[in-house]
Amino acid sequence: MHDEIIAWRRDLHANPELGYELPRTASFVADKLRAFGCDQVAEGVGRSGVVGVLHGQSQSSGKVIGLRADMDALPIHETTGLSYASTTEGRMHACGHDGHTAMLLGAAKALAETRNFDGTAILIFQPAEEGQAGAKAMCDDGLMTRWGIERVFALHNEPGLDVGRFATRTGPFGAAVASFKIAVDGKSAHAASPQAGVDALLPAANILIALQTVIARNVHPLKSGVISFGSFQGGKPRGTFVGSSELRGLARWFEPEVRDTMHRRIIDISEGIAASYGATATVTFRNLYPAVVNHPAETALAVKVARTVMGEDSVDPDHSQLMGSEDFAFMLEQRPGNIALLGNGSTAGLHDSAYDFNDAAIPYGVAYWTRLIEASMPCRTPEF
């Protein structure tokens, strides 16, 4: 099915949609699932998610396993120059969700044809992974209880990891993330009369620099945390002192105590520096995604299955932790499961305008999904 799945993937790539607004993508997925002969196809789950249900040759085991792929793209202008590049200005599949969706569709077709398992496979196509918590929306809409899902699994492509290689780990794998905003208020004045105002740019600039010391001086050296700034706004190019400015960024961590330390120090440092300049600082800190925590039994299963598909030496069962975040964390909070990395080869990085999912990875992903269902709900004793 490789050529067929490549065609699906490139069609999705050429027609990217964002967040929860996925009318074409969701319809594409739902139509395919119905054509494959899924026993049930539900649309509009978590606003725009799609769920397909496949019963095996037998359901005597009573087991129900969920497989998840994400469908949304990013608000990035594509620069690949590919024949199937995005046809919508300012949108592209820069994180490989087109590949994730295509691989799970390929597995759905294969499983629907063979039904070589005892139980039920739930195929989860999720919206809004990119910063809008589509996984949480699907869970809040009863994903796990409506279909009786007992365990849940996901894959994410990984540039820099060779095609045909697989990596995961037990326990915390991806970081939790929060956004923060620091609003600095001073008093505008003519640049010729600095004594009459309070320049909001100067304390904001010092806050930005000072907050780089939080990880180095307030977090335990053997624990991980990241504070990253994404924007610094304020003022206009004219002869006036700026009355207000704003910093925005992200904080990432694994342990809750690191989050608490970062939160407290961002507030203390921002307010203290602003006050020293005669200004004020107001900090807004908003938790976005929890840490991605893989469960031991499900990770062991994922590793065993990957080794049957890709070979013993192509599987890393103890990959280093990643400071990137993934809203699959919400599903892992509700059910035991695992997320793993699938090699994308030497491509541009995720969220890069030159990125493209590597079609050579498709057979590995489809085989992994198919084998995972057959091995975890076998009609006979599994081979490993």
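The legends below describe close-up views of a predicted model.

Residues are numbered from 1 along each chain as its sequence is written, and side-chain values use heavy atoms, with hydrogens and water left out. Local features need pLDDT of at least 70 and side-chain atom pairs count only at pLDDT 80 or more, while totals for chains, interfaces and linings use all residues.

**View 1. Helices α1 and α2 cross with a right-handed sense.** Helices (H or I, at least four residues) and strands (E, at least two) are DSSP runs, numbered from the N terminus. The axes of α1 (residues 2–14) and α2 (residues 23–36) come within 10 Å and cross at roughly 160°. Axes are lines fitted to C-alpha atoms, for helices over the stretch in contact, and angles run from 0 to 180 degrees between N-to-C directions. The two helices are therefore roughly antiparallel; this word applies to angles over 145 degrees, roughly parallel to those under 35, roughly perpendicular to 65 to 115, and oblique to the rest. A crossing is right-handed if the near helix is turned clockwise from the far one by less than a right angle, and left-handed if anticlockwise. Trp8, Asp11 and Leu12 of α1 make the contact with Arg24, Thr25, Phe28, Lys32 and Phe36 of α2 (contact means heavy atoms within 4.5 Å). By class, this contact has 4 nonpolar, 1 polar and 3 charged residues. Ala, Val, Leu, Ile, Met, Phe, Trp, Tyr, Cys and Pro count as nonpolar, Asp, Glu, Lys and Arg as charged, and the others, Gly among them, as polar.

**View 2. Eight strands form an open sheet with mixed pairing.** The order is β1-β2-β4-β3-β5-β16-β6-β15, where two strands pair if DSSP finds at least two bridges between them. The edge strands, β1 (40–45) and β15 (315–316), each pair on one side only. Within the sheet, β2 (residues 49–55) and β4 (residues 120–126) run antiparallel and are joined by 6 bridges. Leu54 stands opposite Ala121 in β4. Helix α2 lies across β1, β2 and β4, at about 165° to β1. Helix α9 (residues 296–310) lies across β5 (151–158), β6 (166–167), β15 and β16 (337–343), at about 30° to β16.

**View 3. Helix α3 meets helix α11 in a right-handed crossing.** The axes of α3 (residues 97–114) and α11 (residues 362–376) come within 8 Å and cross at roughly 45°. That angle makes α3 oblique to α11. Residues of α3, including Met103, Leu104 and Ala107, meet residues of α11, including Ile362, Val366 and Trp369. The contact has 9 nonpolar, 4 polar and 1 charged residues by class.

View 4. Strand β8 (residues 176–185) pairs with β13 over 9 bridges in the antiparallel sense, and Ile182 stands opposite Val283 in β13.

**View 5. Glu246 sits in strand β12 (residues 244–253).** The side chain of Glu246 makes a polar contact with the side chain of Arg248 (2.7 Å). A polar contact is a pair of N or O atoms within 3.5 Å; within protein, one must be able to donate a hydrogen and the other to accept it, and residues adjacent in sequence count only if both atoms are side-chain atoms. Not counting residues up to four places away in sequence, Glu246 touches Lys181, Ile182, Ser231, Phe232 and Gln233.
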